[in-house]
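Subject: Structure handover

Hello,

Here is the structure we discussed. Please open it alongside this note.

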Amino acid sequence: MNIWYYANPERFAGLARTLLPWTLGLALILAAIGTVWGLLIAPPDYQQGEAMRIIYVHVPAAWMAMFVYAVMAVSSAIAFIWNHPLADVAAKASAPIGAVFTALALVTGMLWGEPMWGTWWVWDARLTSVLILFFLYIGYIVLWSAIEEPARAARAARILALVGAVNLPIIKFSVDWWNTLHQPASVFRMDGPTMAPEMLTPLLIMGLAYNLLYVAILFMRMRAEIAERRLRTIRLGLEPAAS
Amino acid sequence: MRTFAAIIWRDVILGIRASGGAALSAAFFALILVLVPFGLGPGPDTLQATAPGLFWMAALLSTLLGLERVVQPDAEDGTLDLIRLSPLPLELAALAKIIAHWLTSGLILTLLAPLLAPLLNLSFHAAPVLALSLLLGTPALSAIGTAMAALGSSVQRGGMVLALLVLPLNIPFLIFGASAVASAQAGEDPGQALLLLGAASLIAMVVGTIAAAAALRIGDE
């Protein structure tokens with residue numbers, strides 16, 4: 001199988017239709033397990049007490065905020081280099097999902113920051129760079145909607161997504177480069193996670209659930225986008241309606 | 001090379017003569033700074049403390065003004081097609097446009113800012129650092145701005161879209177530029193912030209030039 005097999009939008013839409021219930025179902029089951037485990041079974045933190053349980057919502061959202069942008073950047077690169085017809089669709093469909101994950105990470109971070117740091121918001125490097133990520137998502141979505149012709153919009157959006165990718169390493173390493181209020185990485189580290197396994201397991205389950213949820217919503221949005229493009233060509237009279 | 005110089009020359013002339021050109025962006029820069037004492041109060045200490053950031057914010061905002069005329073008119077009247085057809089690589093054409101934009105925005109702000117420093121009670125020895133930081137940082141603003149202007153060239157009246165695309169990417173220069181001036185004002189060595197500003201600026205000029213060239217190719221089908 002190569003990446004060109006599913007370059008046919010109809011073929012991909014068929015695959016997405018088949019996989020959608022499985023990914024969505026698995027995402028919901030894992031989210032339910034992760035939520036119960038995280039909120040009820042996992043031990044409270046010795047320092048932060050019960051309040052740290054928001055980690056099971058906050059951290060996966062922050063992971064996804066960066067992961068979705070990385071997907072956008074990689075598919076933009078694929079679109080840029082090979083002109084793969086679905087890569088632009090994937091990037092466009094990802095943007096609003098990523099923006100919501102970023103907003104969720106910011107809001108849950110604020111809710112967590114208030115009891116822990118005594119403030120809803122500080123202008124520290126991690127928070128600021130994630131906020132910039134949010135604006136990059138917004139700019140990307142706006143650019144798509146501002147240019148009317150889809151092919152042209154796609155080519156402009158690719159470049160923007162790739163330029164914005166500069167921000168990703170800054171977010172990831174902001175907590176190491178600068179002395180910030182935000183705690184340093186405790187899961188994805190060179191020398192292994194520093195979290196207790198009874199907390200790490202539900203966190204990873206939630207991470208997987210978020211990831212599958214993203215894939216499921218991505219399938220939905222990509223199918224809708226493919227259908228919309230088809231409609232457009234039919235309206236423009238480039239393709240007969242009954243085919 | 002002649003084409004390269006011709007693009008710069010033409011864009012600079014247009015930038016100076018066209019309405020909404022260099023003079024307007026300089027006037028806007030000055031006006032933002034004049035508004036500050038009315039908004040924050042005329043207290044000398046407040047002004048002095050906020051001046052480094054305000055100068056840089058004003059620079060960020062006023063370089064936005066000229067961006068709409070960098071690429072869009074050329075795309076509309078067919079000049080861009082001629083540039084694409086010329087033997088000059090598009091990367092160099094993009095660089096020429098960036099240089100021309102900088103000559104009509106960043107350079108003027110660099111010269112103007114030290115003269116306006118007393119308005120916000122910026123301390124005397126911080127004024128040269130302000131000029132130096134603008135000299136280092138504003139080329140990056142022009143590079144990123146030109147790239148985004150090329151991306152948005154097919155958007156009708158895309159001023160707001162342009163602002164939304166450009167400003168988040170310009171935040172690093174605001175941070176390093178303002179902190180260089182602030183540390184000079186506090187009597188500390190601004191060297192570190194200036195080095196970071198210069199490094200970020202160099203990266204942005206390379207990325208901005210390549211991205212602008214890629215964006216100029218969009219309409220070329």
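How many residues of chain B are in contact with chain A? The count is 19 residues of chain B, against 17 residues of chain A; contact means heavy atoms within 4.5 Å.

Before the rest, some ground rules. This is a predicted model: local features need pLDDT of at least 70, side-chain atom pairs count only at pLDDT 80 or more, and totals for chains, interfaces and linings use all residues. Residues are numbered from 1 along each chain as its sequence is written, chains are lettered from A and ligands numbered from 1 in the order written, and side-chain values use heavy atoms, without hydrogens and water.

**The interface**

Chains B and A bury about 1,700 Å² between them, 81% of it on carbon and sulfur atoms. That area is the accessible area (1.4 Å probe) lost on putting the two together, summed over both. B:Leu151, B:Leu164 and B:Ile218 supply 28% of what chain B buries against chain A, more than any other three residues.

**B:Asp11**

B:Asp11 is in helix 1 (residues 2–17) of chain B. Helices are DSSP runs (H or I, at least four residues), numbered from the N terminus. B:Asp11 counts as buried because its relative accessibility is 10%; buried means under 20% relative accessible area (1.4 Å probe, protein chains only). Leaving aside neighbours within four places in sequence, B:Asp11 is in contact with B:Val70, B:Asp74, B:Lys97 and B:Ala100.

Best wishes

Key:
Helix = DSSP H or I, 4+ residues; strand = E, 2+ residues; numbered from the N terminus. Buried < 20%, exposed > 50% of the residue type's maximum accessible area, 1.4 Å probe, protein only.
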